[in-house]
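Colleague: Could you walk me through this model, one step at a time? I have a few questions ready.

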Amino acid sequence: MKKILFSIVLISISTSVAFQSKAQTKKNDNCDPFDAVVNNHDQIFPSSGIPSAIELVLKYCKAVDTNFYKLQNEWQNKTDGSFRDFDNKKLYGITFSQKFVLPRDASFPIDSLFQTIEKELRSGKKVIIALQLETGWPIFVVHKQTPNGEFVSYSKLGSHTLIIRNTKEIVKRSNGTEIMTYSTSPGL
């Protein structure tokens, strides 16, 4: 009886290992390229959210390699920086532009902001955005729009990926925010 039980366990383990090895080598055609960029990127300083988001876009556009951290290393823990530091700057063939630098109040053009983000997403681009959370104004990259119209935004905290699925709600609650868009040079 012990010999039969041992044989069954051994066959089960062999089958499981064979199945898992085939599953691990099968190419996943549904992998989102931006997810891969985010998963392989780190925010290396607590206050380097802006250059980290710029690096994510540069990596997504394949303007730099996956080990590129030059912007964060130069910025480090700079606490007096803003999107203005990258406004109209061309980096590796990509020009970044700061948008919606307006008072955050009842007159903020939130609908126009959302339309701008939607237009960028439809053209295959991402949008860098500051979102007011309990911890301050961390920087995110708007990745996509869900079927119900909400924006999904990604950020990094060290090696941890943060995903916000209620970006519009957060922007409305804070009476607006700034964003950064970008344009690419031909050939990128």
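This is a predicted model: local features need pLDDT of at least 70, side-chain atom pairs count only at pLDDT 80 or more; totals for chains, interfaces and linings use all residues.

Colleague: Is K126 buried or exposed?

Modeller: A residue counts as buried under 20% relative accessible area. K126 has a relative accessible area of 6%, so K126 is buried.

Colleague: Which side chain makes a polar contact with the side chain of K126?

Modeller: Leaving aside neighbours within four places in sequence, K126 is in contact with several residues, including F34, Y60, V142 and H143. A polar contact needs a pair of N or O atoms within 3.5 Å. At 3.0 Å, the side chain that makes this contact with K126 is that of H143.

Colleague: In the sheet, which strands stand at the edges?

Modeller: Seven strands form an open sheet with antiparallel pairing, in the order β1-β2-β7-β3-β4-β5-β6. An edge strand has a single partner, so one side is left without a neighbour in the sheet. The strands at the edges are β1 (89-91) and β6 (160-164).

Colleague: What is the bridge partner of K99 in β7?

Modeller: Strand β2 covers residues 94-99, and β7 covers residues 179-184. These two strands run antiparallel and are joined by six bridges. In β7, the bridge partner of K99 is I179.

Colleague: At about how many degrees to β4 does helix α3 run?

Modeller: Helix α3, residues 49-60, lies across β1, β2, β3, β4 and β7. Its direction relative to β4 (139-145) is about 40 degrees.

Methods:
Residues are numbered from 1 along each chain as its sequence is written. Side-chain values use heavy atoms; hydrogens and water are left out. Two strands pair if DSSP finds at least two bridges between them. Helices (H or I, at least four residues) and strands (E, at least two) are DSSP runs, numbered from the N terminus. Contact means heavy atoms within 4.5 Å. Axes are lines fitted to C-alpha atoms, for helices over the stretch in contact, and angles run from 0 to 180 degrees between N-to-C directions. Buried means under 20% relative accessible area, exposed over 50%, partly exposed in between (1.4 Å probe, protein chains only). A polar contact is a pair of N or O atoms within 3.5 Å; within protein, one must be able to donate a hydrogen and the other to accept it, and residues adjacent in sequence count only if both atoms are side-chain atoms.
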